[in-house]
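Dear colleague,

I am passing on the model we spoke about, together with some notes on its features. Please look through the structure first and then read on.

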Amino acid sequence: MRSSRGGWAARLALLGLLLELLVTDGGASKNGVGLVTCGSVLKLLNTQHRVRLHSHDIKYGSGAGQQSVTGVEASDDANSYWRIRSGSEGGCPRGFPVRCGQAVRLTHVLTGKNLHTHRFLSPLSNNQEVSAFGEDGEGDDLDLWTVRCSGRHWEREAAVRFQHVGTSVFLSVTGEQYGSPIRGQHEVHGMPSANTHNTWKAMEGIFIKPGVEASAGHDEL
């Protein structure tokens with residue numbers, strides 16, 4: 001487990017990132033209904049089990065041995081922030097709305113690893129393991145997730161699903177909880193079908209407002 005000093009260091013690093021976003025993007029906003037845009041930093045809530053998508057520098061003891069991804073009930077944990085990034089070079093310009101059906105990468109802010117899955121069994125439910133993988137946002141093709149939603153763009157107030165491009169599973173939570181050293185945190189895994197366990201909603205974060213081009217209806221994402 002992280003020490004209290006490590007926890008403060010993580011919070012300071014996150015604060016620095018959020019301030020950078022606010023300074024470099026005058027259109028950044030923390031409040032108000034709108035669209036989820038490329039470059040935004042946010043937390044994701046599983047609407048069925050009321051836990052936020054989370055990661056930390058703790059590796060699985062089984063499967064691929066990569067960094068673990070879990071769900072936590074706390075709303076104020078700095079390890080629950082993820083950045084929305086392009087699924088392909090130039091495919092998600094900063095501040096442009098994320099399209100329904102678009103592939104994106106979700107990069108864990110404090111460790112720089114991407115949300116990832118592969119054909120290993122998850123440790124508790126024996127569904128498909130979900131991990132965090134890569135360095136400084138650079139991973140591989142198994143980091144790609146398609147945003148499944150209704151309409152044209154991912155709306156912040158709407159429930160969405162994330163379907164893995166490489167294996168077709170949906171990012172899910174079904175309630176299993178870990179023991180030590182991450183006691184009480186929920187297993188996050190991949191399931192083969194869309195159901196109530198794999199709907200997510202954008203929550204706290206810094207949302208980059210769409211630019212003039214995006215607002216004018218350009219759709220070249």
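Does Cys 149 count as buried, partly exposed or exposed? At 22% relative accessibility, Cys 149 counts as partly exposed, where buried means under 20% relative accessible area, exposed over 50%, and partly exposed in between (1.4 Å probe, protein chains only).

Before the rest, some conventions: this is a predicted model, in which local features need pLDDT of at least 70 and side-chain atom pairs count only at pLDDT 80 or more, while totals for chains, interfaces and linings use all residues. Residues are numbered from 1 along each chain as its sequence is written, and side-chain values use heavy atoms, with hydrogens and water left out.

Disulfides

A search of the whole structure finds 2 disulfides, a disulfide being a pair of cysteine sulfur atoms within 2.5 Å. One of them joins Cys 100 to Cys 149, with an S to S distance of 2.0 Å, and with -115° about the S-S bond this link is left-handed. Cys 100 lies in the loop between E5 and E6 and Cys 149 in the loop between E9 and E10, so the pair ties together parts that are 49 residues apart in sequence; helices (H or I, at least four residues) and strands (E, at least two) are DSSP runs, numbered from the N terminus. Cys 100 is buried, with a relative accessible area of 17%. A disulfide also joins Cys 38 to Cys 92, at an S to S distance of 1.6 Å, and both Cys 38 and Cys 92 are buried. The torsion about the S-S bond of Cys 38 and Cys 92 is about -85°, so this disulfide is left-handed.

Core

The largest nonpolar core has 30 residues, and those with the most contacts inside it include Leu 53, Trp 154 and Phe 162; such a core is a set of buried Ala, Val, Leu, Ile, Met, Phe, Trp, Tyr and Cys residues joined through side-chain atoms within 4.5 Å. Among the elements that give two or more residues to this core are strand E2 (41-46), strand E9 (145-148) and strand E13 (200-208), and the largest share, 3 residues, comes from E13. Leaving out residues up to four places away in sequence, Trp 154 touches, among others, Cys 100, Cys 149 and Phe 162, where contact means heavy atoms within 4.5 Å.

Strand pairing and His 164

E9 and strand E10 (residues 161-164) run antiparallel and are joined by 4 bridges, whereas 2 bridges join E6 to E9, also antiparallel; two strands pair if DSSP finds at least two bridges between them. The bridge partner of Trp 145 in E10 is His 164. His 164 is buried, with a relative accessible area of 2%, and its side chain makes a polar contact of 2.8 Å with the side chain of Thr 167; a polar contact is a pair of N or O atoms within 3.5 Å, of which, within protein, one must be able to donate a hydrogen and the other to accept it, and residues adjacent in sequence count only if both atoms are side-chain atoms.

Backbone points to check

Most residues other than glycine have a negative phi, and most peptide bonds are trans. Asp 136, which is not a glycine, has a positive phi of about 50°, lies in the loop between E8 and E9 and counts as exposed at 70% relative accessibility. A cis peptide bond joins Ser 180 and Pro 181, with omega about 10°.

Best regards
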